[in-house]
Amino acid sequence: MWRSCLRLRDGGRRLLNRPAGGLCASMSPGPTIPSPARAYAPPTERKRFYQNVSITQGEGGFEINLDQRKLKTPQAKLFTVPSEALAIAVATEWDSQQDTIKYYTMHLTTLCNTSLDNPTQRNKDQLIRAAVKFLDTDTICYRVEEPETLVELQRNEWDPIIEWAEKRYGVEINSSTSIMGPSIPAKTREVLVSHLASYNMWALQGIEFVAAQLKSLVLTLGLIDLHLTVEQAVLLSRLEEEYQIQKWGNIEWAHDYELQELRARTAAGTLFIHLCSESTTVKHKLLNE
């Protein structure tokens, strides 16, 4: 019951904080649905209006071209990304669209738009604080008191991740069965704030996005450090749901769709973080091979 109350509380906060906005490519694609992840929410679908996708290097970075048209952000800024690898990944999203453009599948494009336009007008310190705030409601820090089988499952699966994070960053991360949540020492917050400060603004947007998907900063750090795979992190974030499904069954198609969507968003966000932190240049443009 307390877990349901907590989710209702967090959902209310997201509703209050979510911005309006949409994804566009040189022209407005239509109405959008606001996103709780503080990023531009892509519209549904639109007929594909271009034949070829290419990449060019400009003064500000790498640009995406749809035929002869340069990709723009929702605020009509030139869509320019800092690394060639990220440009290739975004171009691949656009090139893989078929007769219609399914914007809701283009997570990298959406994250780039958010980084370029910064619709919430947050600075680096605010982005870091927003990411560290996930510790207060971190999924793997909230434990149940019953049934014993689920208590044991959470202990066996989540405790090793917390122990890894504590050793990796030299911090203390507590768990709790209380609706008030775990007590996170101030020193832990200071250390993680200092660690996240080593990332640039783009990567921080990705870190917050992934933490919002997994409802966990600890799991997000495990992904960034390659301690966890996307599949492992997603299943760990859904441990209670998976337990209930194993016990009671699932709604046909609904569970699989939700699981695959979460994997896709988490994988895209993790890739975004690494590509925004990558300094090496890709020598061969895959789209031209």
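When I say contact today, I mean heavy atoms within 4.5 Å. This is a predicted model, so local features need pLDDT of at least 70, side-chain atom pairs count only at pLDDT 80 or more, and totals for chains, interfaces and linings use all residues. Residues are numbered from 1 along each chain as its sequence is written, and side-chain values use heavy atoms, with hydrogens and water left out.

Okay, helices to begin with. In H5 (residues 148-169), Ile-161, Trp-164, Ala-165 and Tyr-169 meet Val-218, Leu-219, Leu-221 and Gly-222 in H8. By class, that contact has seven nonpolar residues, one polar and no charged ones; Ala, Val, Leu, Ile, Met, Phe, Trp, Tyr, Cys and Pro count as nonpolar, Asp, Glu, Lys and Arg as charged, and the others, Gly among them, as polar.

How do H5 and H8 pack? Their angle is about 65°, and the axes are 10 Å apart. So H5 and H8 are roughly perpendicular, a label that covers 65 to 115 degrees.

Next up, H4, residues 124-132. Its buried residues (under 20% relative accessible area) are Leu-127, Ile-128, Ala-130, Ala-131 and Val-132. Those buried residues pack against H6, H7 and H8. At the start of H4, a side-chain oxygen of Asn-123 comes within 3.2 Å of the backbone nitrogen of Asp-125.

Last stop: Asp-67, in the loop between strands E3 and E4. Buried or partly exposed? Asp-67 is partly exposed, at 28% relative accessibility; that class runs between 20% and 50%. The Asp-67 side chain reaches the backbone nitrogen of Gln-51 at 3.0 Å. Asn-52 is 15 residues away along the chain, yet its C-alpha sits 5.1 Å from that of Asp-67.

Note on methods:
Axes fitted to C-alpha atoms, helices over the stretch in contact; angles between N-to-C directions. Helix = DSSP H or I, 4+ residues; strand = E, 2+ residues; numbered from the N terminus. Parallel < 35°, antiparallel > 145°, perpendicular 65-115°, else oblique. Buried < 20%, exposed > 50% of the residue type's maximum accessible area, 1.4 Å probe, protein only. Polar contact = N/O pair within 3.5 Å; in protein donor to acceptor, adjacent residues only side chain to side chain.
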